[in-house]
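Let's take a walk through a protein model together, with an eye on its aromatic rings. Have the sequence and the 3D view ready as you read.

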Amino acid sequence: MAYSAPRFMPADFPSYLTVDYSDGEGQDPSDYPTLQDKIEKAVEVTTTALDQYQNPAVMWTGGKDSTLTLYFVTQVAEEYGYDLPVTVFIDHFQHFDDIIQFVKRWADHWGLQVVWARNDDVGNLAEEPGDEIRVDDLNDTNQREVREKLEYEEPTFPFLLDTYVGNHLLKTVALNQSIDEHDIDGIISGVRWDEQEARADETFFSPRHEVEKYPPHDRIHPILQFAERAVWDVTWNYLVPDTVAGYPDDGYVPQSFDDLPNGLTHEDIPVSPKYFEGFRSLGSEVSTKKSEEEPAWLQNLEGTTERAGRAQDKEDLMERLRDLGYM
């Protein structure tokens, strides 16, 4: 199945861009040794994105990486007078309730226009995670995705996010439909080199121009150069103080779930409560577990695997999923 160009996508995409698709090749977080180096690169990439792309969007999951990316976008837009892009939230039907509420609350607080990307054809065929869905009951588009792209031959598949078929239909197809519908030419996302092996070779500007796989667009990665520790350092020393009235200007790192300064509550803080509870990576409520009991930023970030709490069948298929358009 090939995607046709979106009706309003400029006919000369991507020729109006002068981005360097090789920027970041062969690099890793050590090439940006200080926090200031990482921040300066994030601002540079974000500024280029808002300047060159005609209709960019920010991928926002409510997690730490995408929220940090959104922070850089809002700061650069305000500083240089760019329009604030829309945000895309993939609603895969299996989120923690806390995440949905977090996104709605902060979207309202920041005045964001949120595109809720859903594959309703799949979601409407199941009542709860784990239900079996018949491929023949899907619409023609989703049947082609399963049979032709995934080459999946079984008559049914489970309604679970962290599986090959489930991840593709509930996340990638939903995203591609939104890119097409909203004529998006650049998706700004919070992908990092150190987060997952399949992302280690990404560049700051990454082309997705294969029309047989997805609507043509680019992926833009302002925080590729951040390691997990640096994400939290910037969050508590820049993002939160710049966002929250009453938070210490010089930053403050909470030491427990209830350790917030100046009478502030979790609703005041643009950090998901799930991280305070011990989760380090947020995915499906069905298949994501907390790593430890202490807040994520206090855990052994350098000595343990960030995505250990995620379902590993999807993690093991990450390379192929990304080739089909996954983040």
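A residue counts as buried when its relative accessible area is under 20%, as exposed when that area is over 50%, and as partly exposed in between. With that in hand, look at Trp-110: its relative accessible area is 23%, so Trp-110 is partly exposed. Trp-60, on the other hand, has a relative accessible area of 0%, so Trp-60 is buried. Keep in mind as you go that this is a predicted model.

How many aromatic pairs does a search of the whole structure find? The search turns up 18 of them.

Now move on to Trp-236 and Trp-297. Their ring centres are 4.9 Å apart and their planes meet at 70°, which is why the pair is edge-to-face. Trp-236 sits in helix 7 (residues 228–243), and Trp-297 in the loop between helix 8 (273–277) and helix 9 (312–316), so the pair ties together parts 61 residues apart in sequence. Trp-236 and Trp-297 are both buried. They also belong to one aromatic cluster, together with Trp-232, Tyr-247, Phe-257, Tyr-275 and Phe-276.

For a last stop, find Phe-204. Over the face of its ring lies Lys-41, at 4.7 Å from the ring centre.

Definitions and conventions. Residues numbered from 1 in each chain as written. Predicted model: local features only at pLDDT ≥ 70, side-chain atom pairs only at ≥ 80, totals over all residues. Heavy atoms only, no water. Phe/Tyr/Trp six-rings, centres within 6.5 Å; stacked < 30°, edge-to-face > 60°. Buried < 20%, exposed > 50% of the residue type's maximum accessible area, 1.4 Å probe, protein only. Helix = DSSP H or I, 4+ residues; strand = E, 2+ residues; numbered from the N terminus. Lys NZ or Arg CZ within 6 Å of the ring centre and 35° of its normal.
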